[in-house]
There are 2 protein chains.
Amino acid sequence: MSSDDTRGRILNAAGEVFAERGFRAATIRDICHRAEVNLASVNYYFGDKERLYVEAVRMAHPGGPDGVSVESFPEGATPEQKLRVFIRELLKRLFRAESHAWKMRLLQREILEPTPFCTDLMRTYFRAKFAQLTSILDEVLPPEMPEPRRHMIAFSIVGQCVYFRAASRVIGMVLDESEQRDYHTVDTLTDHVSGLVLAALGLAPPLGQATDDDSQALRGEREPKLAFHKKARDELKTVQE
Amino acid sequence: MSSDDTRGRILNAAGEVFAERGFRAATIRDICHRAEVNLASVNYYFGDKERLYVEAVRMAHPGGPDGVSVESFPEGATPEQKLRVFIRELLKRLFRAESHAWKMRLLQREILEPTPFCTDLMRTYFRAKFAQLTSILDEVLPPEMPEPRRHMIAFSIVGQCVYFRAASRVIGMVLDESEQRDYHTVDTLTDHVSGLVLAALGLAPPLGQATDDDSQALRGEREPKLAFHKKARDELKTVQE
DNA sequence: AATTGTTTTAAACAGGTGTTTGAAACACGC
DNA sequence: GCGTGTTTCAAACACCTGTTTAAAACAATT
């Protein structure tokens, strides 16, 4: 069994345990037990617990340890569709169930409870994702909206997605099991979060319209009714032309 | 120095340390150091670490250990105003800075990372707050909207509030200090979250209108323009009368 | 002053923790 | 087969942790 395999197993186990418990409450013994390696292996391959943690957080970043992956959009996607894709991809990563689910959970833990070890890593990651989201919002928001307010809209979008995942056990205390299973899927949450935000921006009808009406509009199958400021923006564009 | 005072100092210190670090990473020695009491005092007054934790979580609940406090609203408040008050009070508790700030942070930690010790407590608390929020939403949402979708709106509201607080250190990595200080106050976040949600529901103009226009409308100083489904609901009420 | 009950204390205990160490086992090249 | 380097291992170490203990200090009552 190659040493790369041992090192990888340690990293994977560490990622899972750090994601579940946090840096301090996670133990080297538990990690080694889960990886089925000797206790000393962590120090042999990584040096100490802190370096192991930093390496796990680096591995957790989308695009791996060298950079940030950014969603690409279908050719000719409207800004509304881009926003929907962004939200859907974020939710997919948050809710993924296969063996690398710990990656997003570890990043989420570093967002909600940062350690001092990964500040640069997290700043780089968060800024890149944030820049992408705000560039999508810039396509739909009136240019005269101040930047801080655009940022608050961006945080509201991310906050909803993260919260539905991070608080899922408490949400399970309020809702019955079938409601959470059926309504808190990636698809329904994508519809909900993007529908809510687009309605708030006047780019979709208010919540409370028929569900399939929303879905059709958001999927670009039928133009949503013009809301007031989009109409005003289009009229401004006509004047500028 | 009375024993009540010693017991209270231990509880307060424990609340702070548990809120900062979580149950497992918090230590009895650190708690006793902060409370300036002997190490054995915890076992003398509370029995063990777990019972101390449960007691701290009980103390953290608004309304104290016996019940859940519920916001009261000004006489004749519209549903929109009630929603705004609910959001504001939630944000005030999340962002409070005085010595009992640990209470909401401990509850927030139990929401985002539940322990098995407080499941009944948290279920009771969360359900009570949730019931209040959904009863406000019931006043503004069309009666034909399915309950699961109302619940999702409620979680979106709470999620934004909790996220702005829980992720404040990471948000600080993206925004410059003055932007976060000036725009992420209880007042501005109340305007933002309630404005976004009410706009999404068609009960306020879309985001992107002039700021003071929003604030005036939301403070009840001037009627917001009727949105489509509120008008429909009022017409339905007329028919039913 | 004596007795009783409560509170506080220092010290110890058993178990857990991250790290280190020297040796054994293994792999590879000559 | 030998020498060298890599990997794995059991054991130990120093320190941390929650809990317990017996005694001292304190407070209240008679």
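A salt bridge is here a side-chain nitrogen of Lys or Arg within 4 Å of a carboxyl oxygen of Asp or Glu. The model is predicted, so local features require pLDDT of at least 70 and side-chain atom pairs pLDDT 80 or more, whereas totals for chains, interfaces and linings use all residues. Residues are numbered from 1 along each chain as its sequence is written, chains are lettered from A in the order in which they are written, and side-chain values use heavy atoms, with hydrogens and water left out.

Figure 1. A network of salt bridges links R109(A), E113(A), R109(B) and E113(B). Within this group, R109(B) pairs with E113(A) at an N to O distance of 3.3 Å. The interface of chain A and chain B holds 2 salt bridges, and the count over all chains is 30.

**Figure 2. The pair R34(A) and E20(A).** The closest N and O atoms of this salt bridge are 3.0 Å apart. R34(A) belongs to helix α2 (residues 28–35) and E20(A) to helix α1 (residues 3–21) of chain A, 14 residues apart; helices are DSSP runs of H or I with at least four residues, numbered from the N terminus. Both residues are partly exposed, R34(A) at 34% relative accessible area and E20(A) at 44% (buried is under 20%, exposed over 50%, partly exposed in between, with a 1.4 Å probe and protein chains only).

**Figure 3. The pair R84(B) and D191(B).** The side chains meet in a salt bridge of 2.8 Å, N to O. Because R84(B) lies in helix α5 (residues 79–95) and D191(B) in helix α11 (residues 186–200) of chain B, the pair ties together parts 107 residues apart in sequence. R84(B) is buried, with 10% relative accessible area, whereas D191(B) is partly exposed at 24%.

**Figure 4. The pair R58(B) and E55(B).** The closest N and O atoms of this salt bridge are 3.7 Å apart. Both residues lie in helix α4 (residues 49–60) of chain B, 3 residues apart, about one turn of the helix. R58(B) is partly exposed at 30%, and E55(B) is buried at 19%.

**Figure 5. The interface of chain A and chain B.** The contact (heavy atoms within 4.5 Å) takes 59 residues from chain A and 60 residues from chain B. About 5,700 Å² is buried, of which carbon and sulfur atoms give 68%; buried area is the accessible area (1.4 Å probe) that two parts lose on being put together, summed over both. In chain A, M152(A), Y163(A) and M173(A) lose the most area to chain B, together 13% of what that side buries.

Methods
Helices (H or I, at least four residues) and strands (E, at least two) are DSSP runs, numbered from the N terminus.
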